[in-house]
Amino acid sequence: MASIFTKIVQGEIPSYKIAENELCYAFLDINPLAKGHTLVIPKKEMDYLFDVEDELYKELFAFAKGVALAIETVIPCKRIGIAVLGLEVPHAHIHLVPINSIYDIDFKQPKLEFSEEEFKEIAGSIREVYESENQ
Ligand code: 5GP
């Protein structure tokens, strides 16, 4: 059965898209630790990040870099933290989280809630920067 993230890539489940290319897709985490918390995934479904073939792995991290730079342009923060867990969704993904302190990337912290309008506004602002820098 297709993973929930494959369904997002295929448009069967909606997402607040940040960016995509032929191989990768980035969208806002629905239960964010911080405003702008983004997930970056390979479109090809694979559970474990370190099982991803080298070429795609490099492409994924290069793609994530462009997304991270767009996030930090829009969201005031010291830097973008990066985390890989994969304990909930068995489709390889990288968390990009705007952080000001170590506590901002503590996954035990309560998640933030945003309205649909707020999610759209956050994604739209980051997407605009990403597109201006990468196309
Ligand atoms: P992990 O697998 O890295 O432990 O956590 C999966 C992450 O995916 C969580 O942060 C969770 O909020 C996020 N997530 C799970 N289902 C969905 C979904 O349907 N849409 C979005 N945008 N994020 C999701």
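**View 1. α1 and β2 in the lining of the largest pocket.** In this predicted model, α1 and β2 each contribute at least two residues to the lining of the largest pocket. The largest share, three residues, belongs to α1. In total, 23 residues line the largest pocket. F5, D29, L39, E88 and V89 lie nearest its centre. By class, the lining holds 14 nonpolar, six polar and three charged residues.

**View 2. The ligand and its shell.** The largest pocket is where the ligand sits. With three residues, α1 gives the most. The shell has 16 residues, of which L28, D29, E88, H93 and H95 come nearest to the ligand. Ten residues of the shell are nonpolar, four polar and two charged.

View 3. The side chain of H93 places an N or O atom 2.5 Å from an oxygen atom of the ligand. At L28, a backbone N or O atom lies 2.9 Å from a ligand nitrogen atom. At G86, a backbone N or O atom is 3.0 Å from a ligand oxygen atom. On its own, the ligand has 520 Å² of accessible area, and the protein covers 89% of this.

**View 4. The second largest pocket.** This pocket holds about 150 Å³ of space. Its lining residues include L33, A34, K35, I75, P76 and C77. P98, N100, Y103, D104 and Q109 also line the second largest pocket. The lining divides into seven nonpolar, two polar and two charged residues.

Notes:
Residues numbered from 1 in each chain as written. Predicted model: local features only at pLDDT ≥ 70, side-chain atom pairs only at ≥ 80, totals over all residues. Heavy atoms only, no water. Near = heavy atom within 4 Å. Polar contact = N/O pair within 3.5 Å; in protein donor to acceptor, adjacent residues only side chain to side chain. Areas by Shrake-Rupley, 256 points an atom, 1.4 Å probe, with all protein chains shown as cover. 1 Å grid on protein atoms, 1.4 Å probe; cavity = no way out; pocket = protein on both sides within 12 Å on 5 of 7 lines; lining within 4 Å. Sits in = over half its atoms within 2 Å of the grid points. Helix = DSSP H or I, 4+ residues; strand = E, 2+ residues; numbered from the N terminus. Nonpolar A, V, L, I, M, F, W, Y, C, P; charged D, E, K, R; others polar. Points joined across faces, edges and corners; volume = space filled by probe spheres on them.
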